[in-house]
Structures are given as structure tokens and as C-alpha cells.
Amino acid sequence: MRVICVSCPMGCAVEVETQDGVPVRVSGHGCPRGEDYAREEVLEPKRVLTTSVRVVEGVLPLASVRTTGPIPRRIIAQAMAVIRALEVPAPVEAGQVVIGDLLGTGSALIATRAVARRGRA
Amino acid sequence: MTRHRVDVLVVGGGAAGMAAAASAAREGAKTVLVEEGSCLGGVLDQCIHPGFGLHRYREELTGPEFAHRMLGELRGVEVWTESSVLEVKPDRPLAKTVGAAGWVEVEAKALVWAAGARERPLGALRIPGTRPAGIYVAGLAQRMVNIHGLLPGRRALVLGSGDIGLIMARRLHLEGMDVVAVAEIRPHPGGLLRNVVQCLEDFGIPLLLSHTAVEIHGQGRLSGVTLAQVDGAGAVRPETARLVEVDTLIVSVGLIPEVEPVSSASGDLSMGGISTSSRLQNRTPWLFAAGNCLAPFDLVDTVAALGERAGAAAARFARGELRPAPTVSLRRGDGVAVLVPAAVVPGEPAILYLRAARPMDEARVSVGTDGVGRTVRGVRPAEMIEVRLSAEETEAVARLQEATVEVIPLR
Amino acid sequence: MIGAGVVGALVAREISRYEGEVFLLEREPDVGWGVTKANSAIVHAGFHEELGTLSGRLCVEGNALFSSVCRELEVPFERIGGYVLALSEDDRATLHGLHAQGTELGVPGLRLLGREETRSCLPHVNPAVEGSLWAPSVGITEPWALAVAGAENAVANGAVLRLAEEVHGLIAKGGRVCAVKTCRATYEVDAVVNAGGLQADAIAALAGLRSPGLVPRRGEYLLLVDVPSALRSSVLFPVPTPQSKGILVVPTVDGGLLLGPTATDLRPEERSSTQTTARGLAQVVEGAQRLIPDLPLGKAVKAFAGLRPEPADGGFWVGRTEVRGFYQAAGMRSPGLTAAPAIARWLAGQIVADLGLVPRPTFNPLRSAIRRAAELAPEEWDALIARDPRYGRMVCRCNRVTEGEIVEAIRRGACTLDGVKFRTRAGFGRCQGGTCTDRILSLLAREQGARPEAITLHGPGSPVVAGSVR
């Protein structure tokens, strides 16, 4: 399987030979990070998920959020469903933890921006 | 109507402007940063995806997080938001500005233009058909989704595979839209490979290379787009035309530097943006520039670095410490699609940023004919090549009237 | 009044000088969205018109009236003049004919120029130019602004404007029109004016009139912005053909350069087909490049098309008809826009005489436009911001439109994105709304207390967004 490593801008094309779905030989990487990335891409691709949560009584309707680390690609749709159902009251602080452990991945979901509370008219 | 005297006026509160203002203030200049929107950050706040800060902060941050860091570095700068610079005349650094506090004339000693770039509208492509609702440039769609929380439509086609288009393909898909494809007129993707993987391949969104839109359909709202393939010379092959039924067209077909208010001062606009030397100084000596208003960059880290250098240079100029120096013009030669800056100062180190016209496995970047150059591997148009020239190398280039920069494939 | 385009609006305004109820009915969601919205915006001199025609007379009269009407209504109008360019010896002969014809019609200031003089006036023009006809009375304006202004003034003087109201039937008794049926109401009337543009023949049929029929003639255009000012000095015409005035190069009042139109006759059932075509746009470029070889086509920001109602019989159905009480201001081949002020006066004159209307003592011909903050002197702009800080917040940076102006446009009746655009020019500039559309959408939603999903680009069927993300 051919994997383009995205750990750095070099974008090395890494070849991963697998046996029964398990990586047995990795070549073409330019550095150790590339080898790790390629193995993981084959076994269990992971991605950082970024999206938004609804904010209640905020100056903006949404706050952008991210997972603190990459989560398995196969549960992204499920994660989106969880996040879509959330509501966070304003004010939201940048870095605020929205979900401590997202779907048991060990990654938290944090706000990446602040959203102030809407002033009283 | 008030008059304000400053050392350095920075126009534009995005990454380049924030970096320039922070840097000018650190050099001791009395600095004002003018931003048209209601808050600083430029496009960073709407770029909620990661990919920022790998170089500058050695961390992979999202756009808003990068903006947050830069905001923290902004010390000793007077910030005017909801203020627009209407005009900068060519004879002196006097900026006519208007904002919620009224009309202000800012008399500066140096001015850093960091107003970024706008997106090319679909209308510029002269694609025949109707003009219905549902056609949005990618950045506008991004703001609609990420800032306003609005879904542009139900079923989308993305035209153009630049990074913004790829990012929006993923974003709209994650928010429940049916993204049917990304169409790209060139035979290779316009954006970073990592985005092709993580925005399209991850979600099974087809990338249609060598495809372009040839007709727009729909009366009130978009109903479809006819796509067709193009041949090696870029000519449309009409027999390949097929209708793609979508109610949303996301247009990502290029960035154009925003320079109109300062164009009479800056003179010739190479690359469509403001021409500068390697000092980021324009031929009009009090005018400096950084960021996407020079040419579209790929990494915000680079934009911030340029802003920093421009701000510092502007501050030194304001102090009278930037001595005029002769420059050698750089010309775009074979294989170079984008080249910044437009000139180097012989005897001073310079950093060149260029985009290759075509993908190449290995290539030689040459500057002038005196052997100054670099070998680079994995050349892709989506990724800017950075070439750092030493003082000796720019000195070598000085012997030429004009130095042509080329990117020639080695294999 | 059936039709609130520039003609209908100005006729309504003229009639509102007199006592009597005026209803101005428009089937589109806003004023001026038919023929008014997509033409060359030229106020013609009249030399294109044949001697002895109504169009010729009304064109020259309308041209002369344009300055005062635009001044009263605060609508942009610039008399920049025009050149008809001869690119061959045959062309030169035609120019002589146009000069003679125009002079007979009373067109002021016409002058024939030789090759050298033309080239020194227009250094960027095709070097093969043989000579030109200079017409100093040619001008440019903003047609939809004139329609809006005319309608606003008519309403201020007592007329009632009804939008999104389509006429379905006309009732006549004893050869006299007496009622108008729309999708919403029935109006008992003494007079009806058909200013229905592309629908005028269908409306005439409702009155029982046999009309020769209208052919929708499509004209495609290309708009350039930020072009060198040397290219924007005057209007450039090629020598006309029997079919049309040709593909022109026309400066716009908001700093752009318009190329076009083509002239393609469509079938009657295609009368809403305002799409552009590959062939049409290629013709526009070719035609414009014949006049100016080095056009900065990279500055193109929009391609669009408009339809002109071409009467099968040569046209200009203006004035009384066989049906008493039914008047027409329709079937106008170019120059409908130019003739509009003269048509309004003439037609009003007939109606006033026929109905015995008396002048309205409170009539006020003046109407204030939405103040363009960016056109004010700094002290005035300052004072405006002090009263309302929204005039200090730029929304459309390309055309310098502030939030204050957009809110004013909405309060004056704009309820769609296009409605805001046509009243303020927000979204008309180099970025074509890429930067400001979301803010205008927010302002429309906020000011109307509507959800963003309810806001449209140009009326029902054109929603801007599909819903909320969360």
C-alpha cells in the first residue's frame, strides 16, 4: 500500500507491505516519523477533527473546536454526531475543554477560540 | 476629523499585519495597526482546520489558535478595528482612514501594506449560463459555515483544487452536505498533497483533474453545472461534457492581491501584488509590504515571518536607519509561476519564495547565470519553495542587470 | 401603471404631479428588475434613429431632459460623450449619414472627425480607425437607480407601489378599460398604462389589442473593473448595422467598463432566458477588441445578459390605443431608457387631458438618494458617523459601501441581496460580493427580523442558504 506521509511538507511516498493486514515492511520514508505515520495509516488511520459547537447566548452562534490529538478516522462520523448534539453556554474560553474524552479515544475536544457572552439589550 | 502622527502604520490585521505591527513596536516605533473588520485575525478565525504554526511555534495549530498566539505577541501597538484605509497617495505616507470614530488622517513615516488577497469571482472565468443563487467563493462559504453557522446548500461541486477548495470540500461534507466532486482544470492538484488525502481521499470525494465547468444552470437557485475535460493544451473537449446536478458551487480559482487603495503609490504591480525588494520595501521607499498582498502564499508561518521582517524594516526606515541601496531585479523565468520578491539588494542576505509551474521530482532553482542556485526535491506547485541567499550570493547576482530565476527539472 | 421599470416609474411620477390615485404594479419582487436592469445604461444622442420616427423625437427630447430629471431625483448621470468609430471607407460613408440624420433630428454638437484627430483623442483605439463621429450629448446613467428613484418620488407624491403583484386580466366595458385584475386584487381604474417591458404584448392582448408581438432580443455583456482611466473617457460605438448599434465599450458610472451587447433574437417562449453563451461572450470580446485591441480582459469580473423587447413591426408603441383608457409605453427598441423622461411627459400629457386631471399642489419633484458616505467630504462623513456610527463601518470595501447605507437601503425597501446591491452597489465591485455577502445577509436578516434561510438573492426560488449548521 502506498501512503503519502503528511508529517512534514516533504510528502514522502512510503510503501507499506502488509501480510493479513499487518505492516511487515516499510520503505521510502525520509525519517522515522514517516515510518510511524505509514504504519498507523495502514493499521488505523487517525485524524485531528476540527468542527464547531453551538454556543448559547454568545456573540457568535458557534465556537470552533478541535480534538487535542488525532482520533481514528473510522469514528469521525460518529464523533460529528456527538458534537452536533452539543450546546455550550457562553462565555467560551479559548482552550476550554468541551468534552474530556471524545468517544473513549483519549483525546479531548477543546474550543479553539473564545466567544463572549451576548450583552443584555 | 483628526490627524494622527505615527512612526509606522500597518494596514490589515491578519497574520502579516499582526506580525508586522508587533515587530515594528518591538523596534521602538510608535505603531498603529488598522483593521477593517471588527476583530484582528484576518482569515485565521474562519480557518478552523489545523496546519498552522508548524514552523513558527513547532506545534500544529488551527487558524484561530494561531491568531490567538499572534494576538498575545501584540504589545505596544495601538489597534484600530472597524477602520478602513481609503487611500494612500504616492507622494507621502499619508493614509486617509475612516472608522466608527470618524475620519482620521494618519501621517506615518513608514507604511506596511498587509491587506491580503481577495478570491477570484466566478464571473471572471466567463463561463456561460445563468446567474442563480448558490455560487460562492470558497472563503465566503467558509465564513458562512464557520462564523455564521449557515449551510450554503445541500449538494455541492467544488471548482478548483487549491487548498481553500479542498478544505471546504471536507468541511461541507462533515456538516452533512453531499460534496459530489472537486474539479481542477490542471492535470495536477492545486493544493497540498496532505489536503488531497485528508480532505478528499478520506471521504471518497472524487478529484477530477483536467476538468472545467463549461455551463451553469438554474434560474432562482443553481440546479447544475456542466463539466467537461480539457486536453493537454487546456482546450475543452466538448464530447466529454456531462451535467452534474448540484445546488451549490464552491469556487476556488485563485487569489488576487488587495492593493487598490495603495496602487498609485506602489507603481508597477508584479505578480499582481505589491513589488518589493528583499527588504520588503517598495520602490516608493516609505512603503513596505508583506503577506498575500505580495502574492498568494501557502503557509501562514511564512506570511507571519514576512510581516515581522517588513515591520522591522519599516521601523528602521522610520528612524532613518535604512540606507537606500541599489537593487537587482529578479525576472520570472522557465518553470516559475510565482516569485517574490521582485528584487534583491546585493550584499544583503535575501529570502526568495517561489512556486514552480509544474510538479518535478528533482529540480535546479537558479538565480541569474552565475551559478547561484539550489537543488530541490519533490517540487509541487502547491508548495512554495524557499531559497535563502547569502550576502555573497546576492553580491554575485549584482553583476547582472537583471537576474532570471528558473526552476529546471533534473529528472 | 403596469410595470415599474424605468419607464413605468417615470410615467407614474409624472402622473403623480396631478390629483388622482396612482397604483404602480410590478410583478417582480423589486423595482427595475426587467429590461431596466440589463442594458448598456447609455443615454443616447439620437443620431441612430431614423427621421420622422417617434423614437427619434422622444430620444432627443429625453436626452435633453436627462440632466434635470437625474438632478431632481439624485441619480447619477454623466454626459461623457460618445464616438462612433469608422473602421473602413464604407463606415465613413455611414458616419456622414448618421451625422446628417442626427443634425436633422436636432442632436446637438455632432462633429465628424478625421483619422488623425480621432487617434489623438483616443490613443488606445484600433489603429485602423478611419475617422469618427463625436456626439457630446451621449451620457451614462444607472438605470435601476433611476427606476427606484422615480418610484420613490411617485410614492412620496401619493402613488402606491405594489411589488410581486402580477396582472392577470383587464376588464373593458364598451370599448373602455375599467378594471385591472391581479393575483391579489381587482382595481377599478380610469386609465391603464402598459409599461410591461418584455410582457407588454401579453398585457396588450389582455386589453383585447392585437399587437405585432415582441421578440426577446438577448444582449450579452462583460463587465471589467479597475481599468485605466484613459479607457473610460467616452462611450465607443462601432458603425451600426440594421439589427443593432453593435458591440460597444461603455464606461459605467461606478468606475467600470462594460463591453457589449450582442443581439440574438430568441423565441417568444424564451423571454426569461437571460443566460450567457460561449458564442455570445466570444462575440463580445471580439467586438470590443475591434474597437480597443488591448483591452485588459484580466479585469473582467462578471458576464451577464439582458433581454430587450423588439417589436416585430419596428416599434415604439407609445401613447393612446384603440381601447379607450388603455395607453402604452412599450415595444421600445433602444432607446427606451433615453426616451423615458420624454415618454413620461408625453404620455402623462395625454392621460391628464383625457381624464381632466388637475395639478397636485403638494407635488415635490425632489427625491433624496441614499447618501453614499464615501462621496461625502471628510467633515460631512465625520458628522454622519457622529450621528450614526454605522456609516463608519465599511461592509463593501470594493465600492466603499458602509453599514449605514445598507441599513438605509433595507429600510427603503430592499429585501433581497440584489435589492441591496442595486440600491447601494455593495457586491458590484472587483470581488463581486466575495467579501461582503455574508454581512449583507446578516443585515437583511437582522433588519427584517427574518431567519437567514428566508433571505433570497432575487426573490422566491433563490434562497441564499439552506439552513443552520447546528
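In the predicted model, the domain assignment of chain C gives two parts, domain 1, which comprises residues 1–79, 137–213 and 312–369, and domain 2, which covers residues 373–454. The centres of domain 1 of chain C and domain 2 of chain C, taken over C-alpha atoms, are separated by 29 Å. The contact between them draws 4 residues from domain 1 of chain C and 4 residues from domain 2 of chain C; on the side of domain 1 of chain C that touches domain 2 of chain C, 3 residues are nonpolar, none is polar and 1 is charged.

Chain A is likewise assigned domains, with domain 1 at residues 2–43 and domain 2 at residues 50–111, and here 30 Å lie between the centres of domain 1 of chain A and domain 2 of chain A, again taken over C-alpha atoms. Chain A also meets chain B, in a contact to which chain A gives 20 residues and chain B gives 20 residues. On the side of chain A that touches chain B, the elements contributing two or more residues are strand 5 (50–56) and strand 6 (62–67) of chain A, and by class this side holds 10 nonpolar, 6 polar and 4 charged residues.

Within chain B, an open sheet is formed by 4 strands in the order 1-9-8-7, with mixed pairing. Strand 1 (2–5) and strand 7 (83–88) of chain B are the edge strands, each of which pairs on one side only, and neighbouring strands of the sheet are turned against each other by 30° on average, direction ignored. Strand 1 of chain B pairs in the parallel sense with strand 9 (residues 102–107) of chain B over 4 bridges, and B:Arg3 has B:Glu105, in strand 9 of chain B, as its bridge partner. Helix 9 (residues 378–387) of chain C packs on this sheet, where the helix touches strand 8 (94–99) and strand 9 of chain B, and its direction makes about 130° with that of strand 9 of chain B.

In soluble globular proteins, nonpolar side chains tend to be buried together. The largest nonpolar core of the model has 120 residues, and those with the most contacts inside it are C:Val11, C:Leu24, C:Ile343 and C:Leu347. Helix 8 (residues 336–355) of chain C supplies the largest share of this core, 10 residues. When neighbours within four places in sequence are left aside, the residues in contact with C:Val11 include C:Met1, C:Val193, C:Ala195, C:Ala329, C:Ile343 and C:Leu347. Another core, of 104 residues, lies apart from the largest one, and among its members are B:Trp103, B:Leu255, B:Cys293 and B:Ala314.

Note on methods:
Residues are numbered from 1 along each chain as its sequence is written. Chains are lettered from A and ligands numbered from 1 in the order in which they are written. This is a predicted model: local features need pLDDT of at least 70, side-chain atom pairs count only at pLDDT 80 or more; totals for chains, interfaces and linings use all residues. Domain bounds come from an automatic or database domain assignment. Two residues are in contact if their C-beta atoms, placed from the backbone, lie within 7 Å. Ala, Val, Leu, Ile, Met, Phe, Trp, Tyr, Cys and Pro count as nonpolar, Asp, Glu, Lys and Arg as charged, and the others, Gly among them, as polar. Two strands pair if DSSP finds at least two bridges between them. Axes are lines fitted to C-alpha atoms, for helices over the stretch in contact, and angles run from 0 to 180 degrees between N-to-C directions. A nonpolar core is a set of buried Ala, Val, Leu, Ile, Met, Phe, Trp, Tyr and Cys residues joined through C-beta atoms within 7 Å. A residue is buried if 20 or more other C-beta atoms lie within 10 Å of its own, exposed if 12 or fewer, and partly exposed in between; C-beta atoms are placed from the backbone.
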